[in-house]
Amino acid sequence: MATLNIPPRLFAIIPAAGMSRRMGTHKLLLPLGKETVIQRLVRVLNVPFIAKIIIIARKGDDLLKAHLSDLDIQLIQPEIDPPDMKVSVQLGLRWIDSHYHPTEDDSWLLIPADHPVLSHSVIEDLTQAWQNNQASVMVPTFQNRKGHPAFFRWSVSDDVFQLSNDEGINALWKNQRIVPDLFECIHPEILIDLDTPEDYEYVKQQYSIDT
């Protein structure tokens with residue numbers, strides 16, 4: 001019997017369990033053109049080379065759950081709300097592991113839910129760079145500033161679970177466990193997120209909302 005040649009899979013993990021305190025309203029449901037912030041991000045990530053999109057939210061976030069009900073994503077709402085991004089990522093990794101049984105050839109990307117101005121071309125360019133990269137982690141940069149999404153080999157998931165309670169994802173390389181490749185790209189969009197009403201107004205004014 002011939003051995004099947006299964007191409008490497010890429011999974012997208014979107015932490016979305018924040019409280020939007022600085023924005024003063026549920027920022028993921030804010031409108032941008034004909035879509036909302038989270039709808040726009042999901043659409044951009046809904047491409048054939050991403051095997052599954054996993055979103056981690058708070059248990060009581062019924063508005064977000066209803067908003068995502070018709071999208072092709074996996075929503076995780078744990079009994080205990082994730083206290084930080086690291087725990088959200090761990091929940092996503094556990095779900096991927098139990099449902100897809102990844103191998104060392106597979107990988108995952110991390111993108112916070114409040115990055116609404118990424119485009120298909122940005123995701124495609126970064127994914128192509130990742131496929132040609134031999135590092136364990138790739139972090140995109142623009143003018144030497146780190147952005148998102150970051151890409152990880154599946155083997156790095158073991159390191160994520162070794163982090164202590166007071167360590168975030170960045171501790172993976174701060175402690176020199178892993179040396180990420182800093183990939184300088186031409187896309188300033190990797191730096192744009194939404195934290196405040198001023199951020200939201202800037203995005204509406206400066207970026208096309210229908211692309």
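What we are looking at is a predicted model, in which local features need pLDDT of at least 70 and side-chain atom pairs count only at pLDDT 80 or more, while totals for chains, interfaces and linings use all residues. Residues are numbered from 1 along each chain as its sequence is written, and side-chain values use heavy atoms, with hydrogens and water left out.

Let me start with helix α3, residues 85-100. Helices here are DSSP runs of H or I with at least four residues, strands are runs of E with at least two, and both are numbered from the N terminus. Which residues of α3 are buried? They are K86, S88, V89, Q90, G92, L93, W95 and I96, and what covers them includes the strands β1, β4, β5 and β6 together with helix α5. As a general point, an α-helix has 3.6 residues a turn, so residues three or four places apart point the same way.

At the start of α3, a side-chain oxygen of D84 comes within 3.3 Å of the backbone nitrogen of K86, and just after the helix H101 takes a positive phi of about 45°.

Now to the pockets. On a 1 Å grid over the protein atoms alone, a pocket is an open set of points where a 1.4 Å probe fits, with protein on both sides within 12 Å along at least five of seven lines, and lining residues have an atom within 4 Å of a point. A volume is the space filled by probe spheres set on the points, which are joined across faces, edges and corners. The largest pocket holds about 840 Å³, and of its 35 lining residues the closest to the centre are P15, M85, P112, D114 and D193. Both α3 and β8 supply at least two residues of this lining, which by class has 17 nonpolar, nine polar and nine charged residues.

The second largest pocket has a volume of about 290 Å³, and the closest to its centre, of 15 lining residues, are P8, R9, L10, S107 and Q131. Helix α4 gives the largest share of that lining, three residues.

Let me return to D114, in the loop between β6 and α4. Is D114 buried or exposed? D114 counts as buried because its relative accessibility is 8%. Its side chain makes a polar contact of 2.8 Å with that of K27, where a polar contact is a pair of N or O atoms within 3.5 Å; within protein, one must be able to donate a hydrogen and the other to accept it, and residues adjacent in sequence count only if both atoms are side-chain atoms. Beyond its neighbours within four places in sequence, D114 is in contact with several residues, including V37, I192 and D193.

Finally, H148 lies in the loop between β8 and β9, and H148 counts as partly exposed because its relative accessibility is 22%. Not counting residues up to four places away in sequence, H148 touches L110, I111, P112, H115, L118, P140 and I190.

How values were computed
Nonpolar A, V, L, I, M, F, W, Y, C, P; charged D, E, K, R; others polar. Buried < 20%, exposed > 50% of the residue type's maximum accessible area, 1.4 Å probe, protein only. Contact = heavy atoms within 4.5 Å.
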